[in-house]
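Please read them with the structure open.

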Amino acid sequence: MKEKNIYLVGNPNCGKTTLFNQLTGLNQKTGNFSGVTVEKKEGVVYLPNLELKITDLPGTYGLGGIAEDKKIAYEVLLKRKENEVVIYVLDALNLERGLQFLLQIIDMGVPTLVVLTMKDVLEKKRIQLDLKKLKHSLGLEIVLVNAKSGEGISELKTLLSKEESYRKQKRLWTWGSKEESFLTSLKQKLKITTNEAEFFLSQALKFLNHDPHLQDSRYLNQFPNETKQFLTKELESKPLQFAYQEEMIHRSILIKKIISETIHYPIAIQGSWEERLDRIFLHPILGFVCFFLLMGLLFQSLFSFAEIPMDLIEEGITGLQETIGNVLSDGPLKSLLIEGILGGVGSVVVFVPQIALLFLFIGILEESGYLARASFLMDRLMGKFGLSGKSFIPLLSSAACAVPAILGTRTIENKSDRFTTIMVSPLIMCSARYPVYILIVGTVFSYPPIFGIFNVQGFVLFSMFFLGMIVSFTFALIFRKTVFKENASYFVMELPRYNLPSFKSLFFTVYGKVKSFLATAGQIILYISVILWFLSHFPAEYKDNVWKTSPIETSYIGRVGKVMEPAIEPLGFDWKIGISILTSFAAREVMVSTLAVLYGSEEEGEESESLRETLRADKKPDGSPVWTPLTGLSLLLFFAFASQCMSTLAVTKKETGSLLWPTVQFLYMTTLAIFTSFLVFQLGKILGFV
């Protein structure tokens with residue numbers, strides 16, 4: 001079977017990843033804003049006697065630049081093998097922007113097949129596109145598809161198998177007359193005949209012309225020293241302008257001509273309802289009101305809508321524990337299965353409905369086009385903290401997980417902006433904190449709803465999200481004023497069209513996120529639960545055919561906890577909370593399973609209660625409750641600020657290329673967590689709170 005490598009290239013938000021998913025059957029994340037793809041993604045398409053390996057490159061508006069996503073796309077195309085080709089994804093509603101990049105690909109001499117997306121929107125808006133004339137103007141094979149529904153994909157797959165579908169084209173645009181004449185003369189003298197060689201020559205001329213957009217000398221260095229001296233001498237003697245901006249102007253002239261000949265608008269396209277929505281969502285006051293209302297709705301729904309499925313899961317786990325209890329005789333195996341594995345893992349699985357709701361809500365915001373508008377709205381506010389609106393999408397993405405959010409900073413060109421965003425992203429409330437917050441909030445803030453409808457726990461959760469944003473902005477300002485003093489970059493963002501979110505896309509997004517949560521966190525929770533079960537039941541002895549385990553206070557873990565308790569008492573924590581904090585440095589969710597195992601061991605033989613009820617009933621030696629609102633608040637603040645995620649630290653090292661920044665991140669966040677918890681608990685005690 002023959003094999004072929006294909007690169008999927010295009011502008012951000014042109015439907016490239018949706019097309020990738022249609023072709024490969026994979027379910028990579030899509031969204032209605034730029035910068036969703038920041039890493040190469042690979043998939044395979046199997047055709048009769050042909051295996052196509054497709055690589056989805058990060059979307060970019062052009063070659064060159066210093067943003068990491070642009071560098072990835074550019075380097076791959078520059079170093080491609082001779083038999084590797086490109087599928088260029090062109091948004092039919094943004095031809096002027098997309099053709100700029102396509103003409104650059106053509107200049108490089110890359111065999112290209114063009115896929116025109118947004119077929120459905122063209123038809124909906126009654127825009128007439130003369131595909132035959134567009135093919136003729138570009139000299140390339142073009143296929144029109146609806147990447148969402150799959151319309152046109154069969155025709156595309158047929159073209160993919162044919163070598164003649166990928167065409168090389170000569171440079172279509174021309175420089176000014178003097179520059180063009182000079183370039184033609186150089187090509188004749190240097191005997192340059194191919195597109196690839198002409199591309200390197202024009203890049204070398206831009207470098208010699210001190211073009212600020214091209215400071216890479218590798219193109220010039222491809223030529224022998226004699227040729228370098230010749231080019232330098234020739235260019236010095238003539239006042240010519242070989243520059244990226246000049247290129248764009250001349251390409252734009254050609255693009256406008258092509259568009260005027262191929263696209264016809266029979267009716268005036270007016271935004272109508274879209275413009276009215278933008279007037280609200282982008283309003284300097286109403287826009288913020290809408291944003292905080294949406295966030296408030298999210299956190300209310302996490303408690304209101306998830307209650308029934310959470311109860312069902314909890315009942316299912318309890319039923320399983322009872323079944324195992326009835327089948328197995330008393331002993332270590334029964335205890336390990338019921339208290340260690342089901343008690344530990346089950347205590348976190350219960351929160352899956354709320355985590356799924358969170359991802360669903362964020363997915364709707366992304367696909368509808370609202371997230372890009374929120375980013376635009378935040379630009380002015382973030383400017384006061386030394387960042388641009390370009391940092392907002394990675395920061396808001398941290399509400400799901402800080403790891404992809406930090407990877408998403410690759411779209412930020414300014415290094416100071418990017419590093420600052422990486423350093424403060426983990427302060428935003430992420431999905432790993434939700435099980436911890438929900439357990440604490442549900443345990444110590446169990447008050448009746450305000451006016452019968454507004455959930456107090458939802459308000460507390462929203463306050464924690466808001467606190468995370470404020471603190472991350474504040475530390476961004478501190479970093480920009482002290483460590484990263486470079487001027488903030490400007491923010492240019494194209495507002496996408498409003499889209500009705502795709503049910504299929506949302507389903508696979510939520511399914512993928514929940515599966516990933518259970519697979520990654522679940523493994524850690526399982527291993528730690530088993531270890532904790534052992535440490536909380538042993539030393540044990542087998543006497544008179546009966547296993548006798550140690551009380552929790554005298555078990556291995558109890559002894560360790562008692563040693564560390566004096567150090568954490570000023571923060572309002574007892575030794576069991578201290579142990580759960582220690583284990584949660586592997587992953588925050590482990591805190592819940594740790595408490596479930598520790599309290600499960602303590603309750604052996606007693607009537608089974610939910611973990612929240614068990615925590616509320618826990619008493620100190622003097623009879624006062626361990627879990628009070630003040631203890632809960634102190635613990636919430638500790639988890640809000642502490643750096644308890646090894647994956648986040650690892651990705652920070654990878655993206656900054658240094659061990660220094662994850663070390664700084666861990667130290668400043670942990671110090672902030674300890675200091676805040678200590679301050680709040682001690683002040684609360686002085687003021688008489690419990």
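1. Aromatic pairs. The structure holds 27 aromatic pairs, counted where ring centres of Phe, Tyr or Trp (its six-membered ring) lie within 6.5 Å; planes under 30 degrees apart are called stacked, over 60 edge-to-face, and the rest tilted. One of them joins F292 and F462, edge-to-face, with 6.5 Å centre to centre and 85° between the planes. F292 sits in helix 13 (residues 286–304) and F462 in helix 22 (residues 456–482), so this pair ties together parts 170 residues apart in sequence. Helices (H or I, at least four residues) and strands (E, at least two) are DSSP runs numbered from the N terminus.

2. Basis. This is a predicted model, in which local features need pLDDT of at least 70 and side-chain atom pairs count only at pLDDT 80 or more, while totals for chains, interfaces and linings use all residues. Residues are numbered from 1 along each chain as its sequence is written, and side-chain values use heavy atoms, with hydrogens and water left out.

3. Salt bridges. The count is 20, where a salt bridge is a side-chain nitrogen of Lys or Arg within 4 Å of a carboxyl oxygen of Asp or Glu. In one of them, the side chains of K256 and E96 meet at 2.7 Å, N to O. K256 belongs to helix 11 (residues 244–262) and E96 to helix 3, so the pair ties together parts 160 residues apart in sequence. R218 and E75 also form a salt bridge through their side chains, at 2.5 Å, N to O.

4. Two domains. The domain assignment, which is automatic or from a database, gives domain 1 (2–165) and domain 2 (177–264). Their centres, taken over C-alpha atoms, are 26 Å apart. In contact (heavy atoms within 4.5 Å) are 25 residues of domain 1 and 20 residues of domain 2. The two domains bury about 2,000 Å² between them, 58% of it on carbon and sulfur atoms; this is the accessible area (1.4 Å probe) lost when the two parts are put together, summed over both. Of the area that domain 1 buries against domain 2, E96, Q100 and L103 supply 25%, more than any other three residues.

5. The domain 1 side. Two salt bridges cross the interface of domain 1 and domain 2. Helix 2 (68–78), helix 3 (95–107), strand 6 (128–129) and helix 5 (131–138) each supply at least two residues of the side of domain 1 that touches domain 2. Helix 3 gives the largest share, eight residues.

6. Backbone points to check. Most residues other than glycine have a negative phi, and most peptide bonds are trans. N49 has a positive phi of about 65° although it is not a glycine; N49 lies in the loop between strand 2 (41–47) and strand 3 (50–56). F538 and P539 are joined by a cis peptide bond, with omega about 10°. P539 is in the loop between helix 23 (503–537) and strand 9 (541–543).
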